[in-house]
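Subject: Structure handover

Hello,

Here is the structure for you to look through. My notes follow below it.

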Amino acid sequence: MSVYKRRGSWFCDVTIDGRRVQRVIKGARSRAQAVKASASIEGKLFEKRYGLEERPEVRFDEFVRENFLPYSKMHKKSYSDDVRHCTMLNGHFGRLNLSEITPPLIEKFKVDRLNGQTMYKRKRHPATVNRELCVLSKIFSLAFDAELIESNPCRRVRKLRADSARTRYLSHDEEKALYDALEGQEWVKNIVTMAIHTGMRQGEIFGLTWFNVDLARGVVNVRLTKNGKDRYVPINKTVREMLERLPRSSEYVFPSPKTGGRIVDVKNTFDKAKRDAGIADFRFHDLRHTAATRMADKGADAFTLASIFGWSDVRMALRYTHATDEARRRAVENLVKSSPARDAEVTKEKRQGARPAVSD
């Protein structure tokens, strides 16, 4: 360590493990004061370098309120979901300090959440628990970056196995039954039509404005997507005719019938129509699966699907390329057409057919 004066100010120059650090010593009036202050600076740098300094204790709920939620609001589109998740997480960990939350405590939280029931008295899905663990892990990641904890305890907790490759799609008979059940609810029926024929997500449809509809080019510009990238989605004849019939009484293509503003949800009406139509195990997001499945069944390749649906990874589209029974049946039938045994049988039949008829 060296102490020197330059342009009327005292400086210290410290090297720890080959790393050089320079600091200005504010308020020092003499070399003795500068040397004394530089020794304190050197000690703090040493403790920080080797993790010997004492970290302040911060409660989990305070860190969530003052650090994580402001971060989520600024950087994440799932802020409203994070607020809900954090309310639940505060109920489990809120009174504990960040340093007191260990992997065994998080493991117990994971098991309790999986074995518990939802507010509707239903079994909680593993995927739901995994999303909660992701939020918890991000909280600890921010705390680690702020040097409030030594490591992220969530890194030592395995996530649950969950089947994320759900490909439930609407059959044509189910589609007809759903439309019949939505009779009198034209605004919801139009939203369903948009979802089936474009594959747009629910939030993308709710936020679609007339400014982003280009009937001349036959596309809609989807903004504020899940991956943060705008994309253009072609519209077919069914969607075009529907859009041309809709009144432009609001900036939104599908405004709320009550407020005229952006729709918040269609869950109640949609769920009632499902029950009336006798459609089980079906969610609104499965309309997107329906669109992808039907496009793939009509010959759309994985790259085309990825472009339309906004998937950055083409592997997301591969599960739809042979999803329907009709596509599977065609694939198997194609084996018959190219079978050597079948070719030999056809050749034999042709030879037999070419023989002259024998008269009595």
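First, a term: a residue is buried when its relative accessible area is under 20%, exposed when it is over 50%, and partly exposed in between (1.4 Å probe, protein chains only). This is a predicted model, in which local features need pLDDT of at least 70 and side-chain atom pairs count only at pLDDT 80 or more, while totals for chains, interfaces and linings use all residues. Residues are numbered from 1 along each chain as its sequence is written, and side-chain values use heavy atoms, with hydrogens and water left out.

Overall picture

The protein chain has 15 helices and 6 strands. These are DSSP runs numbered from the N terminus: helices are H or I with at least four residues, strands are E with at least two. The chain has 360 residues, and 37% of them count as buried. A contact means heavy atoms within 4.5 Å. Among contacts with a separation of 6 or more, 57% link residues 24 or more positions apart.

Helices 2 and 3

Helix 2 (residues 60-75) packs on helix 3 (residues 79-93) at about 170°, with the axes 11 Å apart. Axes are lines fitted to C-alpha atoms, for helices over the stretch in contact, and angles run from 0 to 180 degrees between N-to-C directions. On the helix 2 side, the contact includes Phe60, Val64 and Phe68; on the helix 3 side, it includes Tyr79, Val83 and Phe93. The residues of this contact divide into 9 nonpolar, 2 polar and 3 charged. Here Ala, Val, Leu, Ile, Met, Phe, Trp, Tyr, Cys and Pro count as nonpolar, Asp, Glu, Lys and Arg as charged, and the others, Gly among them, as polar.

Look at Tyr79 in helix 3. Its relative accessibility is 27%, so Tyr79 counts as partly exposed. Beyond its neighbours within four places in sequence, Tyr79 touches Leu69, Ser72 and Lys73. Tyr79 and Leu69 are 10 residues apart in sequence and 7.7 Å apart in space, C-alpha to C-alpha.

Helix 5

Helix 5 (residues 126-145) has 20 residues, and its end C-alpha atoms are 28 Å apart, in agreement with the 28 Å it should span at 1.5 Å a residue. The expected span is 1.5 Å times one less than the number of residues. Its buried residues include Val129, Leu133, Leu136 and Phe140. Helix 2, helix 3 and helix 4 (103-115) are among what covers them. Glu147 follows helix 5. It has a positive phi of about 60° although it is not a glycine. Glu147 is partly exposed at 41%.

Helix 11

Helix 11 (residues 286-297) has 10 of its 12 residues buried, so it is largely enclosed by the rest of the structure. Among the buried ones are Arg288, His289 and Asp297. The axes of helix 7 (residues 186-198) and helix 11 come within 6 Å and cross at roughly 40°. Val192 and Ile196 of helix 7 are among the residues in that contact, as are Leu287 and Met295 of helix 11.

Best wishes
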